[in-house]
Amino acid sequence: MSAMLETPELPAVFDGVKLAAVAAVLYVIVRCLNLKSPTAPPELIYQDSALARFLIKSCPLLTKEYVPPLIWGKSGHIQTALYGKMGRVRSPHPYGLRKYLTMPDGATATFDLFEPQSEHCIGEDVTMVICPGIANHSEKQYIRTFVDYAQKNGYRCAVLNHLGALPNIELTSPRMFTYGCTWEFGAMVNYIKKTYPQTQLVVVGFSLGGNIVCKYLGESQANQERVLCCVSVCQGYSALRAQETFMQWDQCRRFYNFLMADNMKKIILSHRQVLFGDNMKKPQSLSDADLSKLYTATSLMQIDDNVMRKFHGYSSLKEYYEEESCLHFLHRIYVPLLLVNAADDPLVHESLLSIPKALSEKRENVMHVLPLHGGHLGFFEGSVLFPEPLTWMDKLVVQYANAICQWEKTKSHCSDTEQAVSGQE
């Protein structure tokens, strides 16, 4: 009887449970890290044209397989988290001069100016005018890394510091940056055009900055003068539609919303004396009650409704989002336009990507680039675990800008040749 009880079946059962637990953990890891997802060249949407064919030929990254770090690079969440927490690895420290511009309402716009470190590939003066993401500025690591790389490729860089974003710069007017206010970016561009009358411009915007630069170009045909091209990376195109998806829990967007709202609250509260103090110039609709609501806000939508929209006197949140989105200005951009998103960006819902796709299918000057991986402003590259300092995004933007510069120089040369031949005749 005792011999029958001492069977090896019980340990075998435990071994089976352990094996099942290990298998379950491995399954979760594979799913969370998206390890089964393939690597592939980015999806390209564009009209067949001479410009598009030239870009495909001149920009190998458009048709080359993007390979993120093997262990974690296929997870859009990890790419986004690493960008948000770390920015970049071994980030350089380019030296720039800070410029101050007084706006008509008394606000002080600032931007940092970085001179090129080598001759440009076409031997001409080209300036990148750069608008960072939400609450970002020239001291952010991803901006420093990109600027350093652009400088080494012969570009002068001007980087806008969003109004109120720099911790050591006080507000001089009761107003901060908003989702689509182009005043400060326009002032920076006008300064560059006036100071460097021979320079040509490459316009670059990251995330919220992508919305601002596209809206700025579409607001007026004059804003596109001397602009060679525009590149927008990881923007959402429609603030109204984006915020609706930002309140959903799938892909943890509601959690990201909370984190970004918390950061915005800290920035606004650091300027609360100017924004909410006894200032006759402050918006009449901005009150102490709004400050109380700000303390309890858990989403960007609540902050936008109680504070941000009131800087420019919008009567409703819907009006604010509609008027400040670039959606209604994209079709007015006539310079070459590169719109870059990542399919696994947890902040930009896939439904929003129908906007750049539809535009790219109709306009010859527009190309939409959609890699499978990259997260939100991540786009890290690396072999297994450790990412490289330079990202796929950094290289693509510079490579595209170089190609456009070559294209414009070729067109100019052909035009000069035709005029010379016509003159001889």
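Student: How do I read a polar contact here, and which side chain does the side chain of H376 pair with?

Tutor: A polar contact is a pair of N or O atoms within 3.5 Å; within protein, one must be able to donate a hydrogen and the other to accept it, and residues adjacent in sequence count only if both atoms are side-chain atoms. Here the side chain of H376 pairs with the side chain of S207 at 2.9 Å. Keep in mind that this is a predicted model, where local features need pLDDT of at least 70, side-chain atom pairs count only at pLDDT 80 or more, and totals for chains, interfaces and linings use all residues. Residues are numbered from 1 along each chain as its sequence is written, and side-chain values use heavy atoms, with hydrogens and water left out.

Student: Which residues does UniProt list for "active site"?

Tutor: UniProt positions follow the numbering used here, feature names are shortened, and annotations may be inferred rather than shown by experiment. The unreviewed entry lists S207, D345 and H376. They span 170 residues in sequence, yet no two of their C-alpha atoms are more than 11.1 Å apart, so they gather at one spot.

Student: Is H376 buried or exposed?

Tutor: Buried means under 20% relative accessible area, exposed over 50%, partly exposed in between (1.4 Å probe, protein chains only). H376 is buried, at 6%, and D345 counts as buried too, at 4%.

Student: What does D345 touch?

Tutor: Contact means heavy atoms within 4.5 Å. Not counting residues up to four places away in sequence, D345 touches C234, G375 and H376. Also, a polar atom of the D345 side chain lies 2.8 Å from the backbone nitrogen of L347.
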